[in-house]
Amino acid sequence: MTATIDFERDRRASQRRALTGAGLWTVFIAALTLIFVFPVVMIVIGAFRDGLPTDDVPFSIDGLVEAFQDPETWSTMWNSVILVVVCGTIAVAGGGLFAWIAANTNVPGAGCSHRSWP
């Protein structure tokens, strides 16, 4: 009799955990959607409209055409490419150097990411 009662109690607790976990995942996904997806959607809508989302303005590509015809846009894009290449090169070279130092020398803390402390 006690085993049956324990089994029922464990089953109900497991169901509560499953529902709580599903509810928390739902809230988590909804928050991520609100934080990340909603702004991207608004940017895409704003790229094709010339007004607020609540305004009755037709969709068009005039704003994009105007932006890509502006020489400042291409100057800004070129500067961004230069920045990405320079910063990426520095980051990869620095990361490679530090990885080599951690793997091939006797520096303190080199093994803390994959070994336990002595």
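These are my notebook entries on a predicted model of one chain.

**Ground rules.** I count residues from 1 along each chain as its sequence is written. Because the model is predicted, I take local features only at pLDDT of at least 70 and side-chain atom pairs only at pLDDT 80 or more, while totals for chains, interfaces and linings use all residues, and side-chain values rest on heavy atoms, without hydrogens and water.

**Layout.** I looked up the elements and found 3 helices and 0 strands, in the order α-α-α from the N terminus. Helices here are DSSP runs of H or I with at least four residues, and strands are runs of E with at least two.

**Confidence.** I checked pLDDT, the predictor's confidence in each residue from 0 to 100. The chain has a mean of 84, and 87% of its residues reach 70 or more.

**Surface.** I noted that 3% of the 118 residues are buried (under 20% relative accessible area, with a 1.4 Å probe and protein chains only).

**Where α2 meets α3.** How do helix α2 and α3 pack? I read an angle of about 70 degrees, with the axes 4 Å apart. That makes α2 roughly perpendicular to α3 (65 to 115 degrees). In contact (heavy atoms within 4.5 Å), A67, F68 and Q69 of α2 meet P71, T73, W74 and M77 of α3. I sorted the residues of this contact into 5 nonpolar, 2 polar and no charged.

**A look at G63.** I found G63 in helix α2. Is G63 buried or partly exposed? G63 is partly exposed, at 43% relative accessible area (the class between 20% and 50%). Its C-alpha lies 7.8 Å from that of R49, which is 14 residues away in sequence.

Methods:
Axes fitted to C-alpha atoms, helices over the stretch in contact; angles between N-to-C directions. Parallel < 35°, antiparallel > 145°, perpendicular 65-115°, else oblique. Nonpolar A, V, L, I, M, F, W, Y, C, P; charged D, E, K, R; others polar.
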